[in-house]
Amino acid sequence: MITLTINGLRASVEKGTTILEAARFLGFPIPTLCHHEGLSPYGACRLCVVEIGDGPGARLVSSCTYPAEEGLKVRTASERVIKARRMVIELLLASCPQSKVIQDIASRHNVRQQRFRQEYEDCILCGLCVRMCEEQMMAKAIGFRGRGSGRSIGTPFDIRSDVCRLCGGCMQVCPACQLRCTYTEPDKAVCGGCANLSPPCVEKEQFHDMMCYMSPCVACEIRKD
Amino acid sequence: METANILDIIHKSEGKAAIISILEDIQEKYTYLPEEALRLVATETGCSLTDVYGVATFYKAFSLKPRGKHCVSACLGTACHVRGAETVVAEFKGQLNLQPGETTPDNEITFETVNCLGACALGPIVVSDGHYHANVTKREVKDIIKATREGTHGSDGASKDYEFSLEASCPQCGQSLIDAAYYIDGHPSIRIDVMTDVGTGWMRVPSLYGNFVKILEHIVPEDALLTPLCPHCGSNLQGELGCLECNAPMGTMNVDGGVGIISICSRKGCSGHILTLNGATI
Ligand code: SF4
Ligand code: SF4
Ligand code: SF4
Ligand code: FES
């Protein structure tokens, strides 16, 4: 067992527990975006920053990837943490303002404006879909391609992947396109219409703006005819 | 694309999932990475196609599109940039009518920009099929394209010589050591005198950096040590440096009026050399 202090509260956790898990266990909320229970930690969004250490040695780390250490002192909501977190939210808003998930996070943290050049990305490169496809669906149909500003997610050669099973898992976890592919029934979480031949999205106005790895999806085919 | 070829390349790696080196070998053979090749790599190595594709698109050295027979890269690194590489690149774009990374429609030349070739003192640098052109100006672009198309600097695209012409002079008296009457490899040679066991005579070396033959008046064994002398003032050109290859003393000459120094090994058969330009060692 490892003993660490979170916001002044001592806690003993199993070796290998992340700060995020320990903090949540103690009831301290830490917002996350690229973290998903059941998927390996990835540390892409930096929303989960916390401050560790003391005095001048204190630093910000992503709690979802940082394992608990003996005697570690963690602050989950210090001034520095809040500032950094709000900055991350602004950056997320700057790249993908249309995401319902990001909007919700922003409103919870009272961020109403962002100061950067506005973009309308379809993807924030959180890697959730890639991990979902690989770790839960055992398919590895999609992955990261390219690098730097040209980095993107998709299937090899941008064609329908042989190993994709149209499970829709990737879309279900995606914070950027989730809303779109749940269509009108957000509580159902994943529409899956493509797979059962009754795609509801064909009727939808913004059909062409949709991003869907199921291409060519049944819906697209129907729409074309 | 020959499936057998690709399989050979893959199996050479002995089952280890050495994706990058496999892809390098394929790219070397085909100038690019064909889709079927990537699929084969995935099935043969057991890596997922997604990962193989991710690696292939991550590195700039890999191309998924066929490349031209010849490859011209212009350096846009900081040093070349401030020395005017931008205008050189613009000239290439205009003359070849393409964007960096593209290939001419006749499949002859692929033009690309790179970020540093490590020879900043010579910038702007353009490399065509492995041949370095130093201090390129807008005006020279046309000639470089022509030479590249004609393959006048080696057409196989695989030659990796770092060749450019050096203007050598004596560090003592400053007089030129270039012998315009004696050509080696189509360039005037560098001529100095050398003292050997069989007497003092001339020695000529190519002024083309990248070629290291020594042509002597006298016949001496390959491992003989030569004492280099200036043919004008007679001073000994032996410097303090020892050869990195064989530890023999090195003869030292000024390059381009003193912006650099070239040291060559004083052993007849050794190709050891050190070129320093503006303080940078190449
Ligand atoms: S729909 Fe295809 S790409 Fe998406 S998680 Fe399922 S198998 Fe992977
Ligand atoms: S497509 Fe969605 S889930 Fe996948 S990386 Fe982009 S934002 Fe994340
Ligand atoms: S494309 Fe349409 S049918 Fe397919 S998953 Fe998305 S919303 Fe559903
Ligand atoms: S949740 Fe930790 S970096 Fe995204």
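Ala, Val, Leu, Ile, Met, Phe, Trp, Tyr, Cys and Pro count here as nonpolar, Asp, Glu, Lys and Arg as charged, and the others, Gly among them, as polar. On that basis, the shell around ligand 1 comprises nine nonpolar residues, one polar and one charged. The model is predicted, with local features requiring pLDDT of at least 70 and side-chain atom pairs pLDDT 80 or more, while totals for chains, interfaces and linings use all residues. Residues are numbered from 1 along each chain as its sequence is written, and side-chain values use heavy atoms, without hydrogens and water.

**Ligand 1**
- The residues surrounding ligand 1 (a heavy atom within 4 Å) include Cys133(A), Cys164(A), Cys167(A) and Cys170(A).
- Arg165(A) and Gly168(A) also belong to this surrounding set, as do Met137(A), Ala139(A), Ala141(A), Ile142(A) and Leu166(A).

**Interface of chain A and chain B**
- In chain A, 14 residues are in contact (heavy atoms within 4.5 Å) with 12 residues of chain B.

**Polar and charged features of the interface**
- Two salt bridges (a side-chain nitrogen of Lys or Arg within 4 Å of a carboxyl oxygen of Asp or Glu) are found across the interface of chain A and chain B.
- Asp162(A) forms a salt bridge with Arg39(B), with the closest N and O atoms 3.8 Å apart.
- The side of chain A that touches chain B has six nonpolar, three polar and five charged residues.

Notes:
Chains lettered and ligands numbered in written order.
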